[in-house]
Amino acid sequence: MTTHKGFDPQAFRAALGTFTTGVTIITTRAPDGEAIGITANSFNSVSLNPPLVLWSLAKNARSLQAFSSAKHWNVHVLSADQEPLSGRFARQGEDKFADSSWTKASARHRC
């Protein structure tokens, strides 16, 4: 198995093994730096070697170009009590990141 510096395949497997189904928020940055986020319930694990996950985005989604051109994106697995957050990221036309404590993370783990 090819491993990447800082990547723990067993921890990856354990994390994905606990996620049977549910709702996630997928976030990235557009080329101009704008924060982009969507609610996705199509998240699945695919492979440990290489470490791969799968999620789906409609071809007519407004955020398609941002996600298609992004080098990195993040998956945020939500708990049941985060349903309002899920609803916020599912709606169009509002600042999804307003009034929140989101911070820009560094890309420490490259898979």
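This is a working chat about a predicted model.

Biologist: What should I know about the model and its numbering before we start?

Modeller: This is a predicted model, where local features need pLDDT of at least 70, side-chain atom pairs count only at pLDDT 80 or more, and totals for chains, interfaces and linings use all residues. Residues are numbered from 1 along each chain as its sequence is written, and side-chain values use heavy atoms, with hydrogens and water left out.

Biologist: How many helices and strands does the protein have?

Modeller: Three helices and five strands. From the N terminus on, the order is α-β-β-β-β-α-β-α. Helices (H or I, at least four residues) and strands (E, at least two) are DSSP runs, numbered from the N terminus.

Biologist: Which strands make up the open sheet?

Modeller: Three of them, in the order β2-β1-β5, with antiparallel pairing. Two strands pair if DSSP finds at least two bridges between them. β2 (35-40) and β5 (74-77) are the edge strands, and each pairs on one side only.

Biologist: How far are neighbouring strands of this sheet turned against each other?

Modeller: By 25° on average, direction ignored. Axes are lines fitted to C-alpha atoms, for helices over the stretch in contact, and angles run from 0 to 180 degrees between N-to-C directions.

Biologist: And which helix packs on the sheet?

Modeller: α3, residues 83-90. Helix α3 touches β1 and β2, and its direction makes about 115° with that of β2. Contact means heavy atoms within 4.5 Å.

Biologist: Over how many bridges do β1 and β5 pair?

Modeller: Four, in the antiparallel sense; β1 covers residues 24-29. Thr 24 has Val 77 in β5 as its bridge partner.

Biologist: What do β3 and β4 form?

Modeller: A hairpin, with two residues between them. β3 (residues 44-48) pairs with β4 in the antiparallel sense over four bridges. Ser 47 has Leu 52 in β4 as its bridge partner.

Biologist: Switching to aromatics. How many pairs are found in the whole structure?

Modeller: Three aromatic pairs. Rings of Phe, Tyr and Trp (its six-membered ring) pair if their centres lie within 6.5 Å; planes under 30 degrees apart count as stacked, over 60 as edge-to-face and the rest as tilted. One of the pairs is Trp 55 with Phe 67: the centres are 5.0 Å apart and the planes at 75°, so this pair is edge-to-face.

Biologist: Which parts does that pair tie together?

Modeller: Trp 55 lies in the loop between β4 (51-54) and α2 (64-69), and Phe 67 in helix α2, so the pair links parts that are twelve residues apart in sequence.

Biologist: Are Trp 55 and Phe 67 buried or exposed?

Modeller: Both are buried. Buried means under 20% relative accessible area, exposed over 50%, partly exposed in between (1.4 Å probe, protein chains only). Trp 55 and Phe 67 also form one aromatic cluster with Trp 73.

Biologist: What about Phe 89 and Phe 97?

Modeller: They form an edge-to-face pair, 5.2 Å centre to centre with 90° between the planes. Phe 89 is buried at 1% relative accessible area. Phe 97 counts as buried too, at 18%.

Biologist: What share of the protein's residues count as buried?

Modeller: 24% of the 111 residues.

Biologist: Back to contacts. What share join residues at least 24 apart?

Modeller: 57%, among contacts between residues at least 6 apart in sequence.
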